[in-house]
Amino acid sequence: MLYWLVGIIVYIFLAIGVFFNILAGLGLLRFPDVYTRLHAGTKCTTFGSIFICGSVILIGLRMWLTNNPDNGSILTIHTAIALIAILLTNPTGAHAIARAAHRSGVKPVGAVIDELEGKPAKNAPRRKKEVAKE
Amino acid sequence: MNEITTFLVVLGFLLLAVVIALIRVIKGPTAPDRVVGLDTINTIVIISMVIFGAAFRDVIYIDVAIVYALLSYISTLFIAKYLEGGEF
């Protein structure tokens, strides 16, 4: 009974994760702008990867508790570590790309003014001091 | 449906998502567009490795996925720093 229920939940999680990953691809193709494309491509893949890793973790827990404890425990713990790595690195990389796009002069579609124009970067004085020391 | 067959169907749909993101990488008008596409492809490849490891009950794919996640993060940070035009 529990075995069957876990199988159904795994299928549902896989469907949700695949749906959101394909939505990420479609958003990358359809949105007009770097920032909106970043929004689609990063958020949707993070959300979908949570569900797909969750389904693999459920399969590993089922293996751990029923027939194959060694392989199941390794599958569960390593998938959890991979999920944590994705959750830590994906938004940070997206923030770095957005900052680089803004600093390299890409404007959003339909933008009239740039409110961050002319504001100094946060670490600009430190860089100047390093140059002066050299 | 068999469990391995389900996982392979899921891998086919993820391949479709990779192809759609690759169109953006080839078409993209500016350089940040291409970097965004590559970042998305990296995440989907990590997920595909996890699914492959679960389908064939082979844990080495998931270890490779962890290392791939960290290395792709570092490469994305370096490309962003290069686009920004600052020194390292």
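This is a predicted model: local features need pLDDT of at least 70, side-chain atom pairs count only at pLDDT 80 or more; totals for chains, interfaces and linings use all residues.
Me: What secondary structure does chain A have, and in what pattern along the sequence?
Reply: Chain A contains four helices and zero strands. Along the sequence the pattern reads α-α-α-α. Of the 134 residues in chain A, 32% are buried. Where contacts in chain A join residues at least 6 apart in sequence, 59% of them link residues at least 24 apart.

Me: How is a pair of packed helices to be described?
Reply: In general, one gives the angle between the two axes and the distance between the axes. In this model, the axes of helix 1 of chain A and helix 2 of chain A come within 8 Å and cross at roughly 165°. Angles over 145 degrees count as roughly antiparallel, and helix 1 of chain A and helix 2 of chain A are therefore roughly antiparallel to each other. Their crossing is left-handed. The contact of these two helices comprises 18 nonpolar, nine polar and two charged residues.

Me: How do the axes of helix 1 of chain A and helix 2 of chain B lie?
Reply: These axes come within 11 Å and cross at roughly 165°. That angle makes helix 1 of chain A roughly antiparallel to helix 2 of chain B. Helix 1 of chain A passes helix 2 of chain B in a left-handed crossing.

Me: Which residues in helix 1 of chain A meet helix 2 of chain B?
Reply: Asn21(A), Ala24(A) and Leu28(A) do so, and their counterparts in helix 2 of chain B are Val36(B), Gly37(B), Thr40(B), Ile44(B) and Ile47(B).

Me: How many residues does each chain bring to the contact between chain A and chain B?
Reply: Chain B brings 40 residues and chain A brings 40 residues. On the side of chain B that touches chain A, helix 1 (3-27), helix 2 (31-55) and helix 3 (60-84) of chain B each supply at least two residues. Helix 2 of chain B gives the most to that side, with 14 residues. The side of chain B that touches chain A divides into 27 nonpolar, seven polar and six charged residues.

Me: Leaving aside neighbours within four places in sequence, which residues is Ile97(A) in contact with?
Reply: With such neighbours left aside, Ile97(A) is in contact with Leu38(A) and, from chain B, with Pro32(B), Val35(B), Val36(B), Asp39(B), Thr76(B) and Ala80(B).

Me: Is Leu38(B) buried or exposed?
Reply: A residue counts as buried if 20 or more other C-beta atoms lie within 10 Å of its own. Leu38(B) is buried because 20 other C-beta atoms lie within 10 Å. Leu38(B) belongs to helix 2 of chain B.

Terms used
Residues are numbered from 1 along each chain as its sequence is written. Chains are lettered from A and ligands numbered from 1 in the order in which they are written. Two residues are in contact if their C-beta atoms, placed from the backbone, lie within 7 Å. Ala, Val, Leu, Ile, Met, Phe, Trp, Tyr, Cys and Pro count as nonpolar, Asp, Glu, Lys and Arg as charged, and the others, Gly among them, as polar. A residue is buried if 20 or more other C-beta atoms lie within 10 Å of its own, exposed if 12 or fewer, and partly exposed in between; C-beta atoms are placed from the backbone. Axes are lines fitted to C-alpha atoms, for helices over the stretch in contact, and angles run from 0 to 180 degrees between N-to-C directions. Angles under 35 degrees count as roughly parallel, over 145 as roughly antiparallel, 65 to 115 as roughly perpendicular and the rest as oblique. A crossing is left-handed if the near helix is turned anticlockwise from the far one by less than a right angle, and right-handed if clockwise.
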